[in-house]
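Me: I am new to reading protein models, and I would like to go through one with you, feature by feature.

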Amino acid sequence: MKDKIEQIIQDTSAILIKNNAQLEEFRIKYLGTKGVLKDMFDAFKLVPNENKKEYGQLLNVLKSHVEYIFSTNKEALEVSAENSVVDFDVTMPGTPLELGARHPISIIKNEMIEIFARIGFAVAEGPEIEDDWHNFTALNTPEDHPARDMQDTFYINENTLLRTHTSPVQIRLMENEAPPIRVITPGRVYRNETISARAHCTFHQVEGLYINENVSFADLKQTLLYFAKEMFGQNVEIRLRPSFFPFTEPSAELDITCFICDRKGCPVCKGSGWVEIGGCGMVDPAVLQNCKIDDQKYTGFAFGMGIERIALLKYGIDDIRLFYENDVRFLKQFGS
Ligand code: PHE
């Protein structure tokens with residue numbers, strides 16, 4: 001009986017079932033009321049009692065084996081039947097996959113990164129959730145500076161906030177690396193401003209930092225001029241207006257000639273022929289000291305620009321809110 005069981009297991013394992021007729025044949029032969037398994041269980045009744053336990057177990061193995069072969073073949077036939085139903089016209093053209101477009105903010109950001117990379121600026125990024133030290137104190141922004149006011153800064157707790165500019169990334173770099181340092185820091189920043197066509201509570205900046213021996217204001221001006229011409233065209237000129245930032249001294253506001261009206265005066269430049277695109281200056285020695293950089297040996301310049309501002313100008317968009325609404329009709333217009 002043992003041999004017979006083994007023989008059946010071998011036979012059924014090697015069987016190839018290709019269609020439903022063969023499956024039915026298999027069922028009748030092995031699992032049917034007059035089938036092989038039935039015969040075996042009949043024969044089992046005559047097995048002497050002392051062998052009943054052993055043979056019984058073997059018979060159960062045989063039974064589940066045969067049932068397994070049957071059910072797996074049945075399933076396989078069902079699946080292939082489903083797959084072979086051709087109920088569509090294979091000659092019809094397929095649904096085209098629409099190509100996405102890059103977000104205008106990403107396009108401008110990447111363009112800025114490329115321009116600065118050509119003159120040796122690396123890219124650095126840092127956390128959007130910052131501490132007071134990196135966002136303000138190290139940047140020589142005293143306790144009572146208006147920029148710290150609750151209405152400008154989103155505080156998470158007393159010491160933790162959403163960065164209001166990407167300058168803290170520069171502090172982190174200066175704390176950890178020895179000069180020369182030449183980086184730009186693109187990223188998202190947050191300010192608690194009333195949302196309007198011109199301002200939003202979240203926007204993007206590209207800030208830059210160059211620290212080395214003998215870095216001068218002329219280097220800063222030349223760098224910004226190079227950037228402006230690469231970004232807006234060779235006819236563009238820049239203007240630096242004296243200004244104030246706690247972390248730079250002297251500080252300036254960066255204007256470019258309005259290329260929309262070619263300096264004749266239009267609503268975008270409010271008739272002045274110039275538009276502001278950022279701030280800049282020579283890194284205040286106090287900032288270098290805060291980062292343990294020798295301010296007798298090294299000087300540096302820094303600048304910061306808003307990506308939205310540049311994108312608005314370049315694409316002639318009149319509402320900053322469009323950048324965050326993710327309306328595909330707007331986004332589709334920008335090739336990638
Ligand atoms: N951090 C300034 C801002 O966010 C921009 C800036 C950067 C100004 C570097 C001067 C120098 O407004």
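The dialogue below takes up a helix and then a sheet.

Reply: This is a predicted model, in which local features need pLDDT of at least 70 and side-chain atom pairs count only at pLDDT 80 or more, while totals for chains, interfaces and linings use all residues. Residues are numbered from 1 along each chain as its sequence is written, and side-chain values use heavy atoms, with hydrogens and water left out.

Me: Which residues of α4 are buried?

Reply: An α-helix has 3.6 residues a turn, so residues three or four places apart point the same way. Buried (under 20% relative accessible area, 1.4 Å probe, protein chains only) are, among others, Leu59, Leu62, Val66, Ile69 and Asn73 of α4. The buried residues of α4 pack against α1 (2–13), α2 (20–31) and α3 (36–44).

Me: In what order do the strands of the open sheet lie?

Reply: Strands of a sheet pair through backbone hydrogen bonds, either parallel or antiparallel. Here seven strands, with mixed pairing (at least two DSSP bridges between two strands), lie in the order β1-β5-β6-β10-β9-β8-β7. The edge strands, each pairing on one side only, are β1 (122–123) and β7 (238–245).

Key
Buried < 20%, exposed > 50% of the residue type's maximum accessible area, 1.4 Å probe, protein only. Helix = DSSP H or I, 4+ residues; strand = E, 2+ residues; numbered from the N terminus. Contact = heavy atoms within 4.5 Å.
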